[in-house]
Amino acid sequence: MIDIALVPLDDRPVCRTLPGLVAAVAGARVQTPPADLLPAQRQPGDPDRLAHWLVGRRADAAVVALETLGLGGLIASRLRDDPVAAVLGRWAALAQGPTPVYAATVVQRTPDADDAGEEPDYWARHGRALHAYSAALHHHIGTPQLPETDVPAPIRRDFLRRRQRNHVLNQAALGLAADGVLDVLVVGADDTAVAAVGTAEWQWLWTWAGWLEITDRVLAHPGADEIGAVLVARALTAAAGHAPRIAVACADPDGLDRVARYEPVPVRAGIASQAAAAGATVVDDSSADAVLVVHPPQPGEADWATAPPPDTDPAPAAHTAELVRRLLGQGRPVALADCALGNGADPRLVADLATDGSYARLAGFAGWNTAGNTIGSALATLVAYQVGRAGGTLDENAARRLLAHRLVDDHIWMSYARPRLRHERGTDPTRHDHVTDAETAAVTGRVEHLLRERWRQLDAVPGLAVRPGSVTLPWHRTYEIDFTLEDHR
């Protein structure tokens, strides 16, 4: 297969490592910049050196997060004050490096939390109020008066000034797609809601894509962190000349019409756009090469990161597991996107599929963060699997390792170990915590113990295990982990 040059959104595993794991399923390879060029939480990357790195790559395609190339990362795009002209100068590398270019940009989020971990400092006091103000601004579009708010005027203006700069850059990205510099552009909506300034911006950008008649090259849907993996899948399909035909199945007839938490549109709309971005075609079941099964969003405010529930409803999990088994029994390649709750997989569904080996027979699985993150990464994996099968480059071992990796990350960590660890530490689940250097060894040791405990209980992907001593906290907090899998007999 091919070599793909990747400029990731930042250095988190889902942005930096997941695209390479997806590519490996189809026998392809991903090149990433040296670690010292990449952003790490609030520390921006080096966009000028990243541009130089990209121009110097020998690769068959490029997948580029425009925030990283232009401003040094997703968080840097919310914090830095670089003028538009400087960013556009760095983006000139897109026309000088590997082609074709598959790029992504993200509409800036407005999180509903008094937490400045990934935002300007004033978010610690005014985050929730800014979220409410953002929704009110959306509702007031077309009216002459601004909504009332307690947010001080200097903060309101800074909030909107930053958004306006990024919106201009997103418009410029549309221009690059219209000019043919970008072969594909995905406009992601990061951590948004039905009513939000970001949702309005996202709708405006999609409208402009239609007016410019570039909707064959521009996709817009909820998501951000998964887009690198999705565009790697797109590069695979283009190189192979094979667009997998994917059917979508859901055990609940109304499930795909629900709007998941943190998103502005029904799950069904996100799936259609994510599939197109990954180079797949959504078709009726009768003509499909493979099936994406969706465990649909469940009602309520439970969330595995911010409000972990004591249990989940057994009925939806049982229905989804039954559907998966029926499709596997027909010999169909199946990927499972678990969108039931935000920020983690449904423990009942995973445990059900593990009991008879059904989990290990999946072509792909995801159940992390938002529905867009989950759907995009599950589709990317399924597309890579199908491209590999069609071209004779499928790496079954890489597919098995990715299946195990997502199980550890999305369930064993996010919906099993993380809630327990945070309860033990007394962590406020609505805010990002910080693990000091002095605590790190004890915390990662406890994480490994919890991971091994649940891995043994499930025994879902035999022959693999988390390597002892490999667990790290990439951003020195308990929200995400990194780890290495090893063969274990």
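Buried means under 20% relative accessible area, exposed over 50%, and partly exposed in between (1.4 Å probe, protein chains only). The model is predicted: local features need pLDDT of at least 70, side-chain atom pairs count only at pLDDT 80 or more, and totals for chains, interfaces and linings use all residues. Residues are numbered from 1 along each chain as its sequence is written, and side-chain values use heavy atoms, with hydrogens and water left out.

**Exercise 1.** Classify Asn-170 as buried or exposed, and list what it is in contact with beyond four places in sequence.

*Solution.* 
- Locate Asn-170: helix α8 (residues 153–178) holds it. Helices (H or I, at least four residues) and strands (E, at least two) are DSSP runs, numbered from the N terminus.
- Apply the cut-off. Asn-170 has 5% relative accessibility, so it counts as buried.
- List the contacts (heavy atoms within 4.5 Å). With neighbours within four places left aside, Asn-170 is in contact with Thr-105, Val-106, Val-107 and Leu-205.

**Exercise 2.** Find which residues of the largest nonpolar core touch the most other members.

*Solution.* 
- Define the set: a nonpolar core holds buried Ala, Val, Leu, Ile, Met, Phe, Trp, Tyr and Cys residues joined through side-chain atoms within 4.5 Å.
- Leu-236, Leu-292, Val-293, Tyr-359, Leu-407, Leu-451 and Trp-455 touch the most other members.
- Find the main contributor: helix α15 (residues 396–425) gives the most to this core, twelve residues.
- Check for another core. A second, separate one has 37 residues, including Val-107, Leu-169, Ala-177 and Val-265.
- Neighbours within four places aside, its contacts are Val-408, Ile-412, Trp-413, Ala-417, Val-466, Val-471 and Ile-481.

**Exercise 3.** Give the strand order of the open five-stranded sheet and name its edge strands.

*Solution.* 
- Pairing requires at least two DSSP bridges between two strands.
- Read the order: β8-β7-β9-β10-β11, with parallel pairing.
- Pick the edges. β8 (281–282) and β11 (364–366) each pair on one side only.
- Ala-335 has Gly-364 in β11 as its bridge partner.

**Exercise 4.** Determine which helix gives the most to the lining of the second largest pocket.

*Solution.* 
- Compare contributions: α16 gives the most, with four residues.
- List the elements supplying at least two residues each: α16 (437–458) and β12 (464–466).
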